[in-house]
Each structure stands twice: as C-alpha cells, then as structure tokens.
Amino acid sequence: MYDLVIIDEASVVVNLMTIWNNAIRPTLADRRGRAIFAGTPRNRDAFWHLYRLGLDPAQTEWASFTASQADNPFIPPEETEAQRLSMPDLIFRREILGEFV
C-alpha cells in the first residue's frame with residue numbers, strides 16, 4: 001500500500017507511461033495515493049504529456065507546476081546571469097528556466 005510515489009527525472013524514465021499505467025497507478029488506487037513526476041523538461045515525451053494534463057482544466061485530478069532557477073532564493077542572480085551568458089540558449093532555457101523547448 002502506497003500513499004505517494006515520487007518519480008524524479010521523469011523525462012528520462014524509459015517507458016514512463018507503461019510503468020505509470022501498468023504498475024504505479026494501480027498500486028496507488030486502494031489508498032487514493034498521489035504521484036509526483038518531477039524533472040527537467042527535455043522533449044515532447046511522456047513527461048511533457050503528463051505536464052500538459054495538469055494544464056488542462058478538464059483534468060481535475062492533475063496539476064502542473066514549473067519553476068525557474070531564478071525562483072530559488074539560494075542561487076545568486078549573478079550566477080543565473082553568468083549561466084545565461086555561457087550556455088547555449090536551448091540548454092539555458094531547458095536546464096535553468098525549466099522550459100519545454
């Protein structure tokens with residue numbers, strides 16, 4: 001019996017939707033458990049699909065959240081700016097801003 005399952009780096013989990021539908025979701029059913037899918041956005045993959053469910057107002061059992069490194073009060077803004085200047089734009093937007101690009 002599980003109340004919560006956390007999948008970190010969900011964008012790199014192979015067969016994420018198969019694992020979710022065939023194992024994790026049924027395991028959570030008896031206790032109405034919850035799942036958290038966390039990670040860095042990579043591609044338009046299963047993680048992206050789950051993220052989009054949370055943006056759909058019709059999907060009331062899902063919620064999606066994003067955060068940028070700039071939202072972290074422990075990382076100095078000058079570090080984020082230095083990363084912006086030294087990284088390729090695509091990587092900066094994905095890894096630091098948390099954007100699906």
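User: Hey, which residues is Phe37 in contact with, leaving aside its neighbours within four places in sequence?
Analyst: Going by this predicted model, Phe37 is in contact with Ile7, Ala10, Leu16, Trp20, Phe47, Leu50 and Trp62.

User: OK, and the largest nonpolar core: which residues touch the most other members there?
Analyst: Ile7 and Phe37 do, out of the 13 residues in that core.

User: Which element gives the most to this core?
Analyst: That's α1, with four residues. At least two residues each come from β1 (4-7), α1 and α2.

User: Switching to rings. How many aromatic pairs are there?
Analyst: The count comes to five aromatic pairs. In one of them, Trp20 and Phe37 have ring centres 5.2 Å apart and planes at 80 degrees. Planes over 60 degrees apart count as edge-to-face, so this pair is edge-to-face.

User: Where do Trp20 and Phe37 sit in the chain?
Analyst: Trp20 is in helix α1 (residues 16-29) and Phe37 is in strand β2 (residues 34-37). They are 17 residues apart, and the pair links distant parts of the chain.

User: Are those two buried or exposed?
Analyst: Trp20 and Phe37 are both buried. They also form one aromatic cluster together with Trp62.

User: What about Phe47 and Phe100, why is that pair called tilted?
Analyst: Their ring centres are 5.8 Å apart and the planes are at 55 degrees, so the pair is tilted.

User: And which parts does that pair tie together?
Analyst: Phe47 lies in helix α2 (residues 46-55), while Phe100 is in the segment after α4 (89-96), so the pair ties together parts 53 residues apart in sequence. Both Phe47 and Phe100 are buried.

Methods: Residues are numbered from 1 along each chain as its sequence is written. This is a predicted model: local features need pLDDT of at least 70, side-chain atom pairs count only at pLDDT 80 or more; totals for chains, interfaces and linings use all residues. Side-chain values use heavy atoms; hydrogens and water are left out. Rings of Phe, Tyr and Trp (its six-membered ring) pair if their centres lie within 6.5 Å; planes under 30 degrees apart count as stacked, over 60 as edge-to-face and the rest as tilted. Buried means under 20% relative accessible area, exposed over 50%, partly exposed in between (1.4 Å probe, protein chains only). A nonpolar core is a set of buried Ala, Val, Leu, Ile, Met, Phe, Trp, Tyr and Cys residues joined through side-chain atoms within 4.5 Å. Contact means heavy atoms within 4.5 Å.
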